[in-house]
Amino acid sequence: MTAPVIKTVGVPTEVKAAEHRVALTPDGVRELDARGIQVFIQAGAGVGASIMDEDYIAAGATIVPTAADAWAQEMVVKVKEPKAEEFQYLREDLTLFTYLHLAAYPAVAEALLAAKTTSVAYETVQLTDGSLPLLAPMSEVAGRLAPQMGAHFLERHKGGRGVLMGGVPGVSPAKVVVLGAGNVGWSSAVIAAGMEAEVTVLDKNLERLRYVDQIHKGRISTLASNQGSIERTVMEADLVIGAVLVAGGRAPIVVSEDLVRQMKQRAVIVDVAVDQGGCIATTRETTHDEPVFELHGVVHYAVGNMPGAVPHTSTYALTNATLPFQLQVALSGAVGAARLNPALAHGLNTVNGVYTNEIVAAALDATSVSPFEA
C-alpha cells in the first residue's frame, strides 16, 4: 500500500451556534486508520450527534483535549466554515476540508488567503454531470426540514398566520410556494405535499419541472419561473421556501423587498439559500437559538445551518458522501487528489494564498488561477 501523503487528520468540535454535527464517524475513523492515517478527535466533538468518545477510541482514534490539538494535524475535516476564533489555527501547511460558502463569508476567504491554507469546500466538489455530491445530502435534509419549520412558524403563537398546512375538510390547506426544483426544492415540495398543503414549485429548468411532474403528477403543481409567475404565487402564499442555488457563487435574489411587502401579513419565508447569501432580498442569517425575525409583517426563518437541528441524521448523511473524498485527499494530498479526480479540482477554493475556483473568486470580485498553477 502506498504511504498516504497526509498522515494525520484532526476533527475539532464545531463552534458555530447550535451546530452539533461532526465531520467524521467511527466508521470513517476505521477507514482512515486502515490506510495508516492517524485521526485525532477533540473530546466531545461527536456528543451532539450522539457519538461518544468511547466509540471513536474503539475505532482507532485518539481523543485530544483541545481544539488546538485537533487543528494541529496535517488535515482538518469540519462541517461548517471556521469562525473568527478559529482563524488563529489556519496556516500554510494545513489542508482544510469543510463547507466554506466563501461567497457568503468573505472574512473566511480573506483569512484562508492570508494564512495560505489549502482549502477544499464540500459545496463546490462537482461531478462531470454538474451535480454536487457533497452538497446533495445536506440539501435533502434542509429541504425536508423547511416545510417542518415553516409549519411551526405558521402557528399563530409563533408569529404566523395561524394556518394548518393540510387544512381540514371544508377549509383550504396552506399555499406553499417553493422557488427552485433542485435537491432542496424537490425535497421541500415532497414533504409539504405529504403534509397535504397546496404546493407549487417554480424553476427555470423545464426538464427539472417535467421530472417533478412525472413523479408527483397531480400532487405538486409546477410553473416556469419568471418575474410574473414569482410575483403572483408569492403574493398568494402562506409559506415561501427559497431553494435557489448557484454552485460556489452567491444565490440570486428572486424575491424583492417590494414583493415581500405585498405578501400576506404573517406569512412565513424559509430561505434555505441563506448560507449562499439568500435568495430573498430581506433575508439575513439567523441561528437556531433565534431562528426568526419579522420584517414588513412577514416572518423570516433563515438559519444558516439548518441540518444542525437534526445532527445525528445529518452527520451520517453527510459523512456517507464525504468520506470517499476525504480518503482521496488524505492519500494523495489535496492537489494530487485534484489531478486524479476532477471533481476535487472544483472543490479546491484556495491554494498558496490565491483563489483556485473561478466561480468563488468571481463572487468575491477577485481573480482565480488553476490549483495546479497555484
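Contact here means heavy atoms within 4.5 Å. Helices (H or I, at least four residues) and strands (E, at least two) are DSSP runs, numbered from the N terminus. The model is predicted: local features need pLDDT of at least 70, side-chain atom pairs count only at pLDDT 80 or more, and totals for chains, interfaces and linings use all residues. Residues are numbered from 1 along each chain as its sequence is written, and side-chain values use heavy atoms, without hydrogens or water.

Two helix pairs were examined. In the pair of α5 and α6, Ala136, Ser139, Glu140, Gly143, Arg144, Ala146 and Pro147 of α5 meet Asn183, Val184, Ser187, Ser188, Ile191 and Ala192 of α6. By class, this contact divides into six nonpolar, five polar and two charged residues. Ala, Val, Leu, Ile, Met, Phe, Trp, Tyr, Cys and Pro count as nonpolar, Asp, Glu, Lys and Arg as charged, and the others, Gly among them, as polar. The axes of α5 and α6 (residues 183–194) come within 7 Å and cross at roughly 35 degrees. Axes are lines fitted to C-alpha atoms, for helices over the stretch in contact, and angles run from 0 to 180 degrees between N-to-C directions. The crossing of α5 and α6 is right-handed. A crossing is right-handed if the near helix is turned clockwise from the far one by less than a right angle, and left-handed if anticlockwise.

The second pair joins α1 (residues 26–34) and α10 (residues 311–332), whose axes come within 10 Å and cross at roughly 15 degrees. That angle makes α1 roughly parallel to α10. Angles under 35 degrees count as roughly parallel, over 145 as roughly antiparallel, 65 to 115 as roughly perpendicular and the rest as oblique. The crossing of α1 and α10 is also right-handed. Pro26, Gly28, Glu31 and Leu32 of α1 make the contact with Tyr316, Leu323, Leu327 and Ala330 of α10. Six of these residues are nonpolar, one is polar and one is charged.

The largest nonpolar core has 78 residues. A nonpolar core is a set of buried Ala, Val, Leu, Ile, Met, Phe, Trp, Tyr and Cys residues joined through side-chain atoms within 4.5 Å. Buried means under 20% relative accessible area, exposed over 50% and partly exposed in between (1.4 Å probe, protein chains only). Phe97, Met165, Val176, Val199, Val270 and Met306 touch the most other members. Helix α5 (residues 136–154) gives the most to this core, with nine residues. Apart from it lies another core of 19 residues, among them Val244, Met263, Ala267 and Ala273.

Met263 sits in the loop between α9 (257–261) and β11 (268–271). Met263 is buried, at 4% relative accessible area. Leaving aside neighbours within four places in sequence, Met263 contacts Val234, Met235, Val240, Ile269 and Val298. Met263 and Val298 are 35 residues apart along the chain, with their C-alpha atoms separated by 7.3 Å.

Val246 lies in the loop between β10 (239–242) and α9. Val246 is partly exposed, at 35%. Val246 and Ile359 are 113 residues apart in sequence and 9.0 Å apart in space, C-alpha to C-alpha.

Positive phi values occur at two non-glycine residues described here. Ala18, in the loop between β1 (8–11) and α1, has a phi near 60 degrees. Ala18 is partly exposed, at 21% relative accessibility. His101, in the loop between β5 (95–98) and α4 (106–115), has a phi of about 50 degrees. His101 counts as buried, at 3%.
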